[in-house]
Amino acid sequence: MFGGLIGTLRDRQPLVYSITNYVTVNDCANAILAIGGAPIMSDEISEAGEIAGNASAVVINIGTLNERTVEAMLAAGVSANKKGIPVILDPVGVGATKYRTAVTKILLDKVKFAVIRGNVSEISAIYGGKSTNKGVDAASVDIMDINDIAEMAKKLSKDTGAVIAVSGKVDVIADKDTAYAVYNGSYYMSRITGSGCMLSCVLGAFCGAVDSYLEASVCAVAAMGIAGEMAEKKMEGTGSFRMHMIDGLSNMCENVFNEGHRIEKL
Amino acid sequence: MFGGLIGTLRDRQPLVYSITNYVTVNDCANAILAIGGAPIMSDEISEAGEIAGNASAVVINIGTLNERTVEAMLAAGVSANKKGIPVILDPVGVGATKYRTAVTKILLDKVKFAVIRGNVSEISAIYGGKSTNKGVDAASVDIMDINDIAEMAKKLSKDTGAVIAVSGKVDVIADKDTAYAVYNGSYYMSRITGSGCMLSCVLGAFCGAVDSYLEASVCAVAAMGIAGEMAEKKMEGTGSFRMHMIDGLSNMCENVFNEGHRIEKL
Amino acid sequence: MFGGLIGTLRDRQPLVYSITNYVTVNDCANAILAIGGAPIMSDEISEAGEIAGNASAVVINIGTLNERTVEAMLAAGVSANKKGIPVILDPVGVGATKYRTAVTKILLDKVKFAVIRGNVSEISAIYGGKSTNKGVDAASVDIMDINDIAEMAKKLSKDTGAVIAVSGKVDVIADKDTAYAVYNGSYYMSRITGSGCMLSCVLGAFCGAVDSYLEASVCAVAAMGIAGEMAEKKMEGTGSFRMHMIDGLSNMCENVFNEGHRIEKL
């Protein structure tokens, strides 16, 4: 099922508009290209709404947010929502600073997201910030197992209407009814910057090409993990790991995916 | 003729000041160093004029423009013009948003450019925006052949006084009288981000070291294309293609250039 | 002595907060991860003080400073000073523009730095700007030998209270009493962008894990130089040199360090 989505993406070449951080933006653009999409980056309010309205998907990443770019994020999100274009949120560091937490709350209030992707801490911070939930304290985050995470993701999906993709040793992707675990990936993805950011952009590319955001997200997470596994076999250090992971994305195809993925429906 | 310019550049080590986008800025700096120049980047109005006045060439790339950086672009361009320092324009995405089109018009009004480099769509958008021309519609762009592009480039050169470098499957470089086609390059240059941005910066390095901007531009386009061909032979994916292309630039020399270039005077 | 600090860093995984330029920020984050630290980047005043207060070390790099980010640098520096968290200054291009010189003066007035790292020109510009010194003119910089540099560094350390790390063909690191020379490194570190920026960040990681900032700085400089030497052996051009240097950092360990370092107490 999932493997066929690679070909769909490559055929449709979705235009992915990312308002993202300046740390990993180059890797993000190259990851979008490698998987078969077309990237465009801009954080200027004067054109954010216009670009978003012409894109196949919009990715909002708050990794190096500032007051100017937050305005562009809101304009892009609202514009995409009006046209039914999927918007992906990568809430980098939400919970770590008051400003990021406040901005994330505003984004969630004003923009309807197709997918929210983050690590367990970030997703827990959002989950805890929703008034309908009790919240997750930091100590609990460390001992959550896959089923705990899947429960949290389903509830957060019900609250937000977004597919929730939780990155970790095992990745969990869920909508309000259904959760998947993805066992692909490499330890070294956590030893470079940008693995999460690139995943959010690749996820945006799949959402821009595929109707089901849940399936798009599962496929993106597994494809990224497989690329990481391919890179781990070739690496001589973390610098070459990063390069080989982008090589892996560019070499991804239905066969490679079907032989490599370890997706489980929970 | 052109091959000798590599040595001239490496001897003179031109200081290339780039106001460029944050997506590909690192590749741009490394490309300038690889071909033998010295890069400096800044987009702060408080120092843009001063840096430009001390540079060998200035490259203005609007890839992630914003209101603050556009002011710096104008200050740098005007400062360089006063001292006769060549200014290169890379009008990324002009025609794609109203803001980029408007900013490009202002830049063309206030700054005299030595070279304008873009893809066929971007150059057509500028050509169409000049009141003396009828414009090129999007549908026509796709069916333009080399001679059509050369005609457009010559006319735009006459209008602007700039050498026009048009990137595409075949690259066309022209001033008002003379046009060259360059057949070097690799498909994979379009599968990574930054090939065009890097070319504009390498072109800036040649213009900062060589008197004829037409010859400098032809040489830069061919050198970049040869580096792309070298990279295509070594790549294992698009991540390694990018690395090998910068390796290729750093290994460029008169012999490699003379054996590899496919330049034709039209 | 120094080799053991690698293990200390890897055990403690210091959180290094960098306010740095957008040219080399990705390499900086990857270098911090490669040596064993955890990077966080932000230049937003609304969160700079909060992040700095929770970090193990703060690195301020003025490579692409602007009015907005300078405010964040000051807030971060002051916040870190209050908690005794080490702050490293990389005064990129100080002396090259009036604005950079003025900003550096303000930073030195308002923030107490643990380490100042720059090339000979940059350190000389700061030294010359201190009223207690006569200054170093540009011509003199080129003919300074190691002992001249060590004298300057010791005096500047006495004036500022910071360890001074001077990068060059031979690196010199000094506090007011003691100076070291480090003979490691590769010519190709000057043929890519970011060697200095990465060093400042790696230095921040060591300062965030080790009590003696002098020893931390010497170790960082030597580790970076050894990584450069490892990369020179594997490179096929400057693009692959850069990748192999990050590989080298990620493969750094006490044995590699002890066999490779060429540190001399002056």
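Helices (H or I, at least four residues) and strands (E, at least two) are DSSP runs, numbered from the N terminus. C:Val221 lies in one such element, helix H10 (residues 213-234) of chain C. The model is predicted: local features need pLDDT of at least 70, side-chain atom pairs count only at pLDDT 80 or more, and totals for chains, interfaces and linings use all residues. Residues are numbered from 1 along each chain as its sequence is written, chains are lettered from A and ligands numbered from 1 in the order in which they are written, and side-chain values use heavy atoms, with hydrogens and water left out.

C:Val221 has a relative accessibility of 3% and therefore counts as buried. Buried means under 20% relative accessible area, exposed means over 50%, and partly exposed lies in between (1.4 Å probe, protein chains only). C:Val221 touches C:Asp171, C:Ile173, C:Val182 and C:Leu199, with residues up to four places away in sequence not counted. Contact here means heavy atoms within 4.5 Å. Between C:Val221 and C:Leu65, the C-alpha to C-alpha distance is 24 Å, and the separation in sequence is 156 residues.

C:Gly3 counts as buried because its relative accessibility is 1%. Neighbours within four places in sequence aside, C:Gly3 is in contact with C:Glu254, C:Phe257 and C:Asn258. The C-alpha atom of C:Gly3 is 10.0 Å from that of C:Gly260, a residue 257 places away along the chain.

Attention now turns to chains A and B. In this interface, 25 residues of chain B contact 27 residues of chain A. The buried area is about 2,100 Å², and carbon and sulfur atoms give 47% of it. Buried area is the accessible area (1.4 Å probe) that two parts lose on being put together, summed over both. B:Tyr22, B:Arg191 and B:Glu236 supply 29% of the area that chain B buries against chain A, more than any other three residues.

B:Glu236 also forms a salt bridge with A:Lys234, at 2.6 Å from N to O. A salt bridge requires a side-chain nitrogen of Lys or Arg within 4 Å of a carboxyl oxygen of Asp or Glu. Two salt bridges are counted between chain B and chain A. On the side of chain B that touches chain A, helix H5 (98-110) and helix H11 (238-250) of chain B are the elements that give two or more residues. H11(B) gives the largest share, five residues.
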